[in-house]
Amino acid sequence: MAAKSRDNRVNNLIWGVLLSLAGIGLLLFNLDVFVRFEPYVQYGAAALLGLLALLFVGGYLSARENWWRLIPGWTLIALTAMVYLTTLPALDQRITASVLFVGQAIAFAHIYLLDRAERWWAIIPGGFMLMLGGTIALSSVTEEPAVLGTVLFIGLGAVFFLLYLLGQRWQLWWALVPGSVLVLLGLFLFSIGLGQQNLPLRLWPVLLPLLGAWLIWRATRPLPGSKLNVDAAPSQSRSRGQASEGSARPRRLGEYSGPAPGATVEVLPDPEEAQ
């Protein structure tokens, strides 16, 4: 308990110093103090962020149970790349901004690969970050809202389908529901934005009844190799032979050892003959 409290105090001290330095640096940057030395300040900031990234990655390597350190580690690596890319004026800033989301996607992918069975959940935030970064980067090529919306929603839906395919399907069947909804929403945006002048694109909803009919057929068809189980009543000789054996073991609740109802027929004497 004392060691844990000491570690928490050290962590709070480190974060306090880092946040204070970051705040002072950003304040001086906003006041144009570093304008004359801007390229060198950017290189220095990139080096500082890279050093912090190495500290987090090294902390994970020294204690691998603290896998959460990979998230700030990869995020700081992405920030290092972002700050360096800002020194390249010819590069579109939207591509630079997408690097941050790609770095976080790599962090969650790393966490998933360390334990695929227990950390399947990392596919969702990792996939979302990757699609957000890809959409931001795509906006540097086209600013058509229909294209960007279609790519974003279909990509997010594909994340859930990937989760279903990589995980245990019988447990993660629910991932098909949000995945299908997002993909259909993306196709809807695509048909509205780009399919007004193209009849085949406007007729894509015809695929939905066909898919529904196929699912209904799969749900109602008889299973291959399935047979009707018929319980036959045991013979009396077999029942008598197992009587002693059955008396030796305790009966289970609800167990019936006699003949099945209707399995034997008792002939009653004629009343006239009895007289």
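Reply: Helix H1 supplies ten residues to the lining of the largest pocket, the largest share. The model is predicted, so local features need pLDDT of at least 70 and side-chain atom pairs pLDDT 80 or more, while totals for chains, interfaces and linings use all residues. Residues are numbered from 1 along each chain, and side-chain values use heavy atoms, without hydrogens and water.

The pocket (an open set of points on a 1 Å grid where a 1.4 Å probe fits, with protein on both sides within 12 Å along at least five of seven lines; lining residues have an atom within 4 Å of a point) has a volume of about 750 Å³, the space filled by probe spheres set on the points. Its lining has 21 residues, and Ala 22, Leu 26, Ala 45, Leu 48 and Leu 49 are the closest to the centre. Two or more lining residues come from each of H1 (2–30), H2 (38–62) and H3 (70–85), helices being DSSP runs of H or I with at least four residues. By class, 18 lining residues are nonpolar, three are polar and none is charged.

Charged side chains do pair in this model: the whole structure has two salt bridges (a side-chain nitrogen of Lys or Arg within 4 Å of a carboxyl oxygen of Asp or Glu). Arg 94 meets Asp 92 at 3.1 Å, N to O, and Glu 143 meets Arg 94 at 3.1 Å, N to O. Glu 143 sits in the loop between H5 (123–138) and H6 (145–166) and Arg 94 in H4 (93–114), so this pair ties together parts 49 residues apart in sequence.

Terms used
Ala, Val, Leu, Ile, Met, Phe, Trp, Tyr, Cys and Pro count as nonpolar, Asp, Glu, Lys and Arg as charged, and the others, Gly among them, as polar.
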